[in-house]
Amino acid sequence: MEEILTGKEGERYFLLGNEAIVRGALEAGVDIAALYPGTPMSEIGDVFHALAKSVLDKGEEPSFYFEWSANEKVSLDICIAASLSGLRALCPMKAQGFNVAADSFLDYLTACNLVETDIKGGLVLVCADDPGGTSSVNEQDDRYIPILADVPMLEPSNCQEMKDMTKKAFGIAEELHLPVFLRTVNRVNLSRGDLLFGKLGVPRRKGDIKGVPISFDRTRCHANILKKMEKAKEFSEKSEYNRVIKFDGGKTGHRRIGVVASSISISYAEEIIRELGVEAELLALGFTNPLPEMLCKDFINKFDEIIVVEELSPFLETQFLKMAHEISDKTKIWGKETGHFPRAGEYRLETVAEPLAKVFGMDNPIPRREGSRIELVARALTNCPGCPHRNTYYAIKQVVPKDAIFANDQGCYLLGGLEPYKMSHAQYSMGASIGLACGFQQATGKPSIAFIGDSTFFHNGMSPLANAIHHKYDITVVVMDNGATAMSGFQLHPGTDRDAMGREAISIKIEDVVRGLGATFVEVVNPNNIAETREVFKRAIAHNGVSVVVSKALCRLMENREKRRKGLKITSYEIDQEKCDQCNICIDIYACPAFYEVDDKIYIDDVQCAGCGVCQEVCRVGAIREKGAENG
Ligand code: SF4
Ligand code: SF4
């Protein structure tokens with residue numbers, strides 16, 4: 001990873017798309033990067049964090065400042081201030097993260113754009129979409145944001161473009177005095193590619209702000225942005241990222257067909273056109289807001305039919321339909337509106353192959369894959385072996401009233417909503433659990449319980465909790481504190497004692513925050529002690545008003561990683577078959593995935609067992625023991 005900072009101009013490396021973004025920012029001389037982690041772009045922060053730490057460990061000062069911010073709005077506000085002060089700032093976020101930052105992004109643009117010199121330092125917002133929703137709650141297509149906000153958008157289609165466009169975006173932002181929206185997708189963020197390095201940039205390091213660039217004349221501000229976007233059109237027309245690729249495959253037909261694509265679909269379309277062996281042209285679009293209208297219309301004019309290939313919404317297609325209509329309506333546009341391409345789901349080569357072959361009137365060049373003959377073991381989606389969240393759910397399940405309603409949140413603890421715990425009636429966005437529990441309690445009068453993680457609590461949990469306390473709701477809030485933003489890769493948050501630069505930081509205790517907000521019932525418990533946790537929950541649920549339980553135990557993966565680092569042994573557990581009465585509580589009710597059953601006998605899988613030992617408390621007959629322990 002060091003090569004991202006030390007690699008020289010002209011050298012080549014095989015890097016992840018997210019790593020390429022960091023290199024691009026460093027080549028642009030980025031001064032500040034701030035973000036809240038979220039798949040598929042968390043590695044951007046992981047790399048900045050690792051680079052900053054390695055430089056500091058050598059006793060040197062990093063050329064940039066990096067932080068894991070408490071949420072996306074905070075990270076964007078920090079970057080906006082840096083930009084207004086003349087520094088270059090990078091603010092990456094996942095698609096849904098933009099929803100949190102939207103308030104600042106949209107308001108900032110209308111509030112600050114009257115004076116031409118307001119944005120002195122380039123501001124680049126990286127927005128990572130997740131077609132397929134592999135690690136997100138939906139398939140949000142954020143390409144409409146730049147249209148709503150009136151800002152330029154770049155869309156890289158491969159690893160090299162991830163770097164080059166990031167670097168370029170800073171320059172565009174400074175020329176136009178507008179932030180640039182760099183929209184990526186998971187397949188580009190998380191795939192590796194050959195990357196040619198450019199020269200590292202020189203950060204400005206110290207900024208300043210003078211005068212007051214804010215105007216209360218909103219109409220003039222709006223008109224000013226529109227003027228800047230007129231200039232952006234010229235940039236788009238001339239951009240090297242909007243280009244026509246010609247294919248001379250030899251096969252010709254009587255129809256003249258052109259293909260239009262953006263983002264990862266460019267690579268898919270290119271490959272399929274080559275496979276088909278046809279003569280065709282592909283308009284590959286990388287500067288996608290505003291579109292290069294003249295280039296697009298020239299392209300439309302050349303063809304009888306145009307195929308538009310893009311994931312999710314018909315973003316390009318709608319604009320091509322409009323442009324084709326303005327020209328003559330003679331060109332037929334094939335895409336989602338004609339039913340050739342799906343609007344939902346992530347595209348693969350196969351998704352693009354069939355419709356392209358159909359319109360070109362040829363056989364599908366990608367043969368359907370035979371189903372695998374290997375029988376895979378079906379595995380339930382569940383928390384890791386030894387996860388403290390399982391113990392929290394196991395304990396509360398035993399004391400909670402039968403009619404209780406559960407509101408869950410965003411983090412690995414949301415798996416408690418699945419079998420066998422099934423403790424989630426609703427979960428969708430960061431910090432929503434507490435407001436949901438209040439709403440359920442108000443609407444139904446039933447006991448309502450909110451589950452929220454430590455990082456999520458700092459992200460967006462404090463205001464709903466203040467609201468719940470102020471309005472005297474009768475709910476129980478369980479803060480599942482495992483010491484990190486675990487699901488996206490163990491990133492730090494305001495509760496940890498180090499910051500993203502590797503320096504000492506003030507660790508904020510959630511229980512102190514909660515007490516400060518006025519909660520009258522606040523208890524901290526170690527969920528790995530199930531009996532004690534159960535008793536705390538009994539009291540919390542019986543409490544009239546907001547009760548808060550901070551269920552605190554380090555993520556088992558982090559704990560074991562630390563043990564290995566220190567050379568400490570991780571205990572293994574086994575079943576004493578003479579004592580086990582095959583009640584199956586450990587498998588069916590407690591559900592640690594390290595347990596398995598063969599011929600009516602229960603075993604612990606050595607490979608999976610994380611050595612927490614909590615199952616010893618779960619087993620009523622004492623059949624679980626440390627490996628090698630004497631029969632007793
Ligand atoms: S809980 Fe104990 S007795 Fe029951 S199946 Fe598991 S090991 Fe055997
Ligand atoms: S000790 Fe028991 S509960 Fe812990 S990981 Fe191993 S099998 Fe699972």
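Which residues come nearest to ligand 1? Cys580, Cys583, Ile585, Cys586 and Cys619 do, out of the 13 residues around this ligand. Everything here comes from a predicted model, in which local features need pLDDT of at least 70, side-chain atom pairs count only at pLDDT 80 or more, and totals for chains, interfaces and linings use all residues. Residues are numbered from 1 along each chain as its sequence is written, while chains are lettered from A and ligands numbered from 1 in the order in which they are written.

**View 1. The shell around ligand 1.** A residue joins the shell if its C-beta atom, placed from the backbone, lies within 6 Å of the ligand. By class, the shell around ligand 1 splits into 10 nonpolar, 2 polar and 1 charged. For the classes, Ala, Val, Leu, Ile, Met, Phe, Trp, Tyr, Cys and Pro count as nonpolar, Asp, Glu, Lys and Arg as charged, and the others, Gly among them, as polar.

**View 2. The shell around ligand 2.** Here 14 residues surround the ligand, and the closest are Pro385, Cys592, Cys609, Cys612 and Cys615. This shell holds 11 nonpolar and 3 polar residues, with no charged ones.

**View 3. Helices H2 and H3 crossing.** Two packed helices are described by the angle between their axes and the distance between the axes. For H2 (residues 17–27) and H3 (residues 42–57), the angle is about 55 degrees and the axes are 8 Å apart. The helices, like the strands in later views, are DSSP runs numbered from the N terminus (H or I, at least four residues, for helices; E, at least two, for strands). Axes are lines fitted to C-alpha atoms, for helices over the stretch in contact, and angles run from 0 to 180 degrees between N-to-C directions. H2 and H3 are therefore oblique to each other; angles under 35 degrees count as roughly parallel, over 145 as roughly antiparallel, 65 to 115 as roughly perpendicular and the rest as oblique. H2 goes past H3 in a right-handed crossing (right-handed if the near helix is turned clockwise from the far one by less than a right angle, left-handed if anticlockwise). On the H2 side, Asn18, Glu19, Ile21 and Val22 meet Glu43, Ile44, Val47 and Phe48 of H3. Sorted by class, that contact has 5 nonpolar, 1 polar and 2 charged residues. Contact here asks for C-beta atoms, placed from the backbone, within 7 Å.

**View 4. Helices H14 and H18 crossing.** H14 (residues 388–397) packs on H18 (residues 530–542) at an angle of about 55 degrees, their axes 8 Å apart. That makes H14 oblique to H18. Their crossing is right-handed. Asn391, Thr392, Tyr394, Ala395 and Ile396 from H14 meet Ile530, Thr533, Arg534 and Phe537 from H18. The class count for this contact is 5 nonpolar, 3 polar and 1 charged.

View 5. Val525 sits in strand S18 (residues 521–525). With 21 other C-beta atoms within 10 Å, Val525 is buried; the cut-offs are 20 or more for buried, 12 or fewer for exposed and partly exposed in between, with C-beta atoms placed from the backbone. Not counting residues up to four places away in sequence, Val525 touches Glu532, Thr533, Val536, Val549 and Ser551. Thr392 is 133 residues away from Val525 along the chain, yet their C-alpha atoms are separated by 9.5 Å.

**View 6. Ser448 in strand S16.** Ser448 belongs to S16 (residues 448–453) and is buried, having 26 other C-beta atoms within 10 Å. Leaving aside neighbours within four places in sequence, Ser448 is in contact with Ile405, Ala407, Ala437, Phe440, Gln441 and Ile475. From Ser448 to Ile508 it is 60 residues in sequence and 27 Å in space, C-alpha to C-alpha.

**View 7. Two cis peptide bonds.** One runs from Thr39 to Pro40, with omega near 15 degrees, and Pro40 is in the loop between strand S2 (32–35) and H3. Another joins Glu419 and Pro420, with omega about -5 degrees. Pro420 lies in the loop between strand S15 (405–407) and helix H15 (432–444).

View 8. His177 isn't a glycine, but its phi is positive, about 55 degrees. His177 falls in the loop between helix H7 (159–176) and strand S7 (180–185), and is buried, with 21 other C-beta atoms within 10 Å. Asp599, also not a glycine, has a positive phi near 50 degrees. Asp599 is placed in the loop between strand S21 (595–598) and strand S22 (601–604), and counts as exposed, with 4 C-beta neighbours inside 10 Å.

Terms used:
Contact = placed C-beta atoms within 7 Å.
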